[in-house]
Each structure stands twice: as C-alpha cells, then as structure tokens.
Amino acid sequence: MANSVNISIEAPIENQIQEITYDGQEIYQAPLSMSENLARLAQKIDFSKTEDEFCNIKKEGESSLESKSEDDNKEPGYQSSLWPWDSVRNKLKNALTEVSVLADVLSIAKEKRYMVLDPIQAEPVDSRPMVQVYGRKKALSAAGAVLLAGVERLRASETMRMTRNMPDFHIDLLRLRQNWRLKKVSNTIVGDLSYRTAGSKFSQTGVFEVTKAPEEQIAQAMSMNASGPAPSALRVTVPPELQGVAFISVLCQKEQEDVVTATLSSSALNCPSTLLGDGADLHWQQKLEAAQNVLFCKELFARLAAEAVQLDASIPHMVVGNQIMATVLPGIQLLIGLCHNNGQNNNHNPEGIKSEGSSGKSEHDHVLEHSLHQLLRAVHHNNTHHPFPHPATGPLGPSKRRSLAGPMAADRYELLDMSKEQSLLEQIIQQAQHFFMRRRSEYVLDTIAKEVKDPLIVSHWNALNSPTQSCVKINIMAFGYDAVFRTSLVVHIYQHQMTAVQAVGRCMGWQLLASSAHLGSGPVEPLSNASSCLLASPNGDRMIAIRCEPSVGIQVFIAQSPRKDFFASELVQDKKWENLGGAFKEIKLEKMEGKNFLNKMELLMACLSSPS
C-alpha cells in the first residue's frame with residue numbers, strides 16, 4: 001500500500017496480576033527468563049505435522065498463483081489430480097533414508113575401519129595438598145579461637161558470679177520462660193505478654209525484649225542493698241506505650257447541666273506516677289505484670305468505646321478522649337475513663353476536671369471496675385472454649401440451641417434472637433442500674449423502719465447475689481414476740497399487727513370470734529382498708545375488739561358479762577339475758593404499761609382472764 005504505517009508491538013511493562021489479597025494488595029507474576037520464554041515458544045510448535053503437509057501447503061500456494069494466470073475460458077471446477085499413492089511413496093522414501101543412515105552408523109561403530117571411538121582424557125589437575133592442609137588448619141584455628149573466647153567469657157563470668165555471689169542469667173531466664181512466652185529472633189530474645197493465647201483479638205502487640213543486665217550495674221545494686229533480695233540478672237525492655245500503671249475508672253454521678261463539666265474528678269483519676277521502686281531497679285516480674293495490665297485496660301476501653309459508638313440508645317452515649325459517658329437512669333450518668341500514667345508527663349487528666357484535694361475520699365466504684373474485668377475475661381474464655389458439637393460429626397462453633405434450630409424448625413425471629421448478644425457496655429449499664437435501684441430500696445426500707453417504731457422491721461440482704469439480681473428478706477415482728485409470730489413481707493404493716501394479736505390470743509387461751517381484713521364500715525381510707533378482730537376470754541365473760549385503720553391507728557375496745565347495768569323490764573324479764581356482753585368501752589393504749597402493742601395486749605388479756 002502507498003500509505004503504509006509501521007506499527008511496533010511491544011510487551012506490556014507491567015506483569016500479569018497473579019493474586020489480589022484481602023487487604024487489596026496486588027501480587028504480580030514474575031517475568032519469564034530467556035530460557036522460559038524459549039520453552040514457551042517451543043510449546044507452540046506442532047511436531048505432529050509431517051513434511052508432506054508442508055509440501056501440500058506449498059503446492060496449494062503455487063497452484064493458486066498459476067490458476068490466476070490461466071485463461072478464463074477454463075471451467076471453474078477443474079483441479080489437477082495427484083497420484084493416489086504419492087503420500088505412501090514419500091513416507092517409504094523417508095523411512096528408507098533413515099534406515100540407511102542407521103545402518104551406516106552401526107557399520108562404522110562395529111568394524112573399526114572407518115572411525116575409532118575412544119574416550120578423551122581430561123587434563124590432570126595440579127593438586128597442591130599442602131595448600132589444602134594450610135587452609136583447613138586456618139579454618140580450624142579460627143573456629144577454635146571463637147570457642148576458646150566463649151569458654152573464657154563463661155569462665156570469667158562464672159568466677160565473678162561465684163566470688164561476688166551474683167545471680168545467674170540462665171537461671172533467671174529459665175524462671176522467666178516458665179511464666180512468659182519467649183522466642184529467639186536472630187541474636188535477641190523477645191517475648192509476648194498479650195492475651196492472644198487466652199482469646200484476645202486486640203490489634204496492639206505486647207512484645208518485650210530480654211537482655212542481660214551489665215555486671216557493673218548488678219554489683220552496684222548488690223552493694224547498695226546488701227541485706228535485701230539479690231537483683232536479677234535480666235533486663236526487660238517493654239514498649240513505651242505499655243510502661244507505667246493504668247486502670248479503668250468507673251464513676252456514677254448526677255447529670256450536670258453542662259456536658260463539659262461532667263468529667264471525672266481528680267480524686268477518681270488519682271493514678272500513681274510510677275510503680276513502687278525505680279523503673280531500672282524494678283523486678284522483671286512486676287514490670288511485665290504492670291505492662292500486661294496496661295495492655296488489658298487499653299483493650300477493655302477500646303472495646304467499650306467502639307460499643308458506645310455503635311449502640312443505638314435513646315440517649316446517645318458520648319466518647320470524648322479517654323472517657324465514655326452513658327446514661328444509667330434519668331439524671332444519673334455513668335463515667336468510664338482510662339487512667340494511664342507512664343511517668344513521662346504528669347498531666348493526663350482531660351480538660352474540665354474539677355480540682356479537688358487528693359486526700360479526699362475517691363468516688364471510684366471498684367465493684368463495677370471488677371465487673372468490667374470479669375466481663376472481658378469471659379469474652380476471652382468464650383473465644384477459645386467452644387461448645388462441643390452434637391452429634392460429634394457436626395460443625396464446631398454453634399451452640400446447642402443453634403444446632404437444634406434446624407430439626408426444631410426455628411423461624412427467622414428465633415434465629416435472630418439466638419444471634420443477639422449483649423455488649424459489655426450494656427451489661428455494665430444494667431449492673432449500674434441495679435446498683436442504684438438496690439440503694440434506693442435500702443433507703444426506703446430504712447426510712448420505714450425509722451418511722452414505724454412498733455412493730456420492728458428487719459431487712460436481711462443476701463451477701464451472695466447476681467450482678468443484676470438481689471434478694472432481700474423482710475421480717476416484721478414485735479420485740480420479744482418474734483417467736484410467737486413474724487411476717488415475712490406485707491404491703492400494709494397493720495395486717496401484721498392483727499395477725500400477731502390473734503397468735504398471742506391463742507397462746508393466752510383466748511378464742512377468736514370474728515376477723516375481717518377489709519371492713520366496710522367507717523370512713524374510707526386513702527390507703528388500704530380497715531381491719532378488725534373479736535376475741536373472747538377462756539371463760540367467755542370478757543371480749544376484746546380491735547380495729548386497725550391506717551390513717552388513725554389501732555383502737556382497742558373491751559366488754560364484759562354479766563352486765564352490771566341490766567335491769568328487768570316488761571319486755572325482758574328473765575335474768576339470763578344479763579350474760580350478754582355490754583357496751584364496748586375504748587381503752588387508751590398510750591397510758592398502758594408495755595414496751596409495744598403486743599406486750600400491752602398480753603397484759604390486758606392476762607388482767608381480763610383473772611377471776612377477780
């Protein structure tokens with residue numbers, strides 16, 4: 001063509017993508033070498049094609065060119081015919097050629113007249129045995145020098161340790177390995193103090209390095225503290241973010257008008273600057289335990305902060321810096337803060353903290369802090385301890401309830417209910433709510449016990465309770481009569497008085513004539529109803545009527561027979577009617593002797609039961 005353009009085809013610069021990892025990283029395929037590229041091109045050659053096929057292809061190309069030059073008068077379907085046995089002849093000819101060549105090679109190798117096949121001797125290598133001996137001797141001397149230097153160091157160290165009574169590095173390393181995970185990386189010894197083997201999924205690592213303490217430092221520490229324990233031969237280096245002390249501060253307080261002022265007080269954030277003792281002189285066990293506690297507190301606070309952001313509460317939770325604010329009850333807030341002091345800077349408190357004296361009583365709730373630690377450790381335990389499958393061939397992981405969801409034909413709502421789990425923040429809020437409800441219940445019971453002198457109200461709270469459930473036993477009794485009758489719990493205290501009087505009357509031999517807990521006579525009470533009972537003496541000549549009204553109190557009436565004011569009349573002439581009880585007369589209880597109501601009633605029954 002006239003307007004032809006040269007086009008260059010080149011291989012792409014970037015290689016093909018072999019794999020894409022989960023984090024989006026692309027792994028490219030390595031480029032082919034020259035030998036690999038040659039092998040790849042050689043694989044494209046089809047060696048099964050014979051020479052005849054190539055000849056046919058060539059003949060077809062020549063015949064096509066000749067057919068174009070022929071006259072157009074020829075028939076279009078005309079083709080030159082080949083001999084039918086042409087391909088067989090060509091193959092036989094090629095086979096004869098190969099057999100002839102093979103026969104010539106065999107005759108040359110057999111008869112020895114045309115060519116002799118002898119092996120070629122290699123050139124002799126100039127061997128220098130003394131050079132090899134000197135090289136091996138030099139290598140052995142260098143290795144021996146290294147071993148001797150190590151032996152001398154061990155001997156000097158052992159001699160110094162025995163003379164100065166210094167601690168052994170390997171013994172301390174053995175003790176460290178018994179309690180902590182260690183491994184050797186190149187020429188250093190590193191350890192891990194995280195909770196990953198216990199089920200933790202926290203991203204921050206807890207790697208520390210173990211080195212040998214300088215002998216001069218050990219000798220100086222032994223000279224300064226001769227009577228105390230021997231210093232350790234180990235030196236443990238922890239990351240800077242895990243140094244110092246840390247704890248989770250939990251505080252419940254009333255809600256402030258300004259959100260900025262609702263922060264942890266300095267007394268709650270009273271965190272010691274360092275551990276007991278200097279950081280260099282501190283024992284490695286205490287140092288590692290403190291660093292592990294810092295890591296645990298950071299994991300706990302990070303989990304609580306993530307849950308506070310994700311939870312959809314009626315009153316949203318707030319996460320400000322190292323502090324979480326959640327609403328427990330209307331007007332009451334739960335403040336959870338991370339207090340960490342690594343000794344580098346002294347000002348770790350957030351802005352807006354009220355200045356209080358450090359000698360004041362801390363409002364930090366240690367019970368809720370302990371509950372948070374228990375909840376996180378329970379999460380770690382559940383991550384590593386899965387329930388066994390039922391049957392044994394089932395998958396490992398689902399609970400027994402979820403395993404039975406299929407055979408029991410559980411619906412979508414039941415499956416969603418199985419998958420719901422309470423977060424740590426929800427559980428600690430429930431515990432805080434229970435704590436406030438229990439404290440309010442105690443206050444109400446104590447207030448009622450102070451106001452009501454008779455009968456006595458005694459509350460027994462169980463020492464062993466659930467974090468969200470408490471049990472209280474309330475006993476209502478009279479002093480000195482607790483063995484006669486006691487009430488576990490009643491809504492209205494006067495019901496106890498009526499039942500206790502009847503119990504005392506039975507002990508005194510009196511007979512219960514009538515009793516009613518809900519009287520329909522008299523004024524209407526704002527709370528509960530009036531109650532009454534009627535008792536008769538053993539002889540039947542005395543009667544006591546008791547009426548209890550919550551608004552008025554207890555009223556006692558007595559009547560006796562025979563009536564002293566009975567006179568015969570035209571209608572009632574028989575004197576037997578004088579045995580009927582006379583009019584009831586009210587007794588003033590406040591003027592009677594006795595410690596309480598039951599004591600006064602006992603004295604009254606004793607007086608009315610006497611024959612005089």
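I'll start with a definition. On a 1 Å grid over the protein atoms alone, a cavity is a set of points where a 1.4 Å probe fits but cannot get out. This structure holds one cavity of 30 Å³ or more.

Some ground rules. This is a predicted model, where local features need pLDDT of at least 70, side-chain atom pairs count only at pLDDT 80 or more, and totals for chains, interfaces and linings use all residues. Residues are numbered from 1 along each chain as its sequence is written, and side-chain values use heavy atoms, with hydrogens and water left out.

Which residues line the largest cavity? S194, Y195, R196, S200, F202, Q204, L295 and E299 do, where lining means having an atom within 4 Å of a point. By class, that is three nonpolar, three polar and two charged residues. Nonpolar covers Ala, Val, Leu, Ile, Met, Phe, Trp, Tyr, Cys and Pro; charged covers Asp, Glu, Lys and Arg; the others, Gly among them, are polar.

E299 turns up again in a helix pair. In α7, residues N293, F296, E299, L300, R303 and L304 meet L372, H373, L376, R377, V379 and H380 in α8. Contact here means heavy atoms within 4.5 Å. This contact has six nonpolar, three polar and three charged residues.

How do the axes of α7 and α8 cross? Helix α7 spans residues 284–310, helix α8 spans 366–384, and their axes come within 11 Å and cross at roughly 90°. Axes are lines fitted to C-alpha atoms, for helices over the stretch in contact, and angles run from 0 to 180 degrees between N-to-C directions. The two helices are therefore roughly perpendicular, a label for 65 to 115 degrees. Helices are DSSP runs of H or I, at least four residues; strands are runs of E, at least two; both are numbered from the N terminus.

K298 also sits in α7. Leaving aside neighbours within four places in sequence, K298 contacts F202, Q204, E241, L338 and H340. K298 and F202 are 96 residues apart along the chain, yet their C-alpha atoms are separated by 9.1 Å.

Last, the sheet. It is open, with four antiparallel strands in the order β3-β4-β5-β6. Strands pair if DSSP finds at least two bridges between them. β3 (181–185) and β6 (234–237) are the edges, each with a single partner, so one side of each lacks a neighbour in the sheet.

Definitions and conventions: Parallel < 35°, antiparallel > 145°, perpendicular 65-115°, else oblique. 1 Å grid on protein atoms, 1.4 Å probe; cavity = no way out; pocket = protein on both sides within 12 Å on 5 of 7 lines; lining within 4 Å. Points joined across faces, edges and corners; volume = space filled by probe spheres on them.
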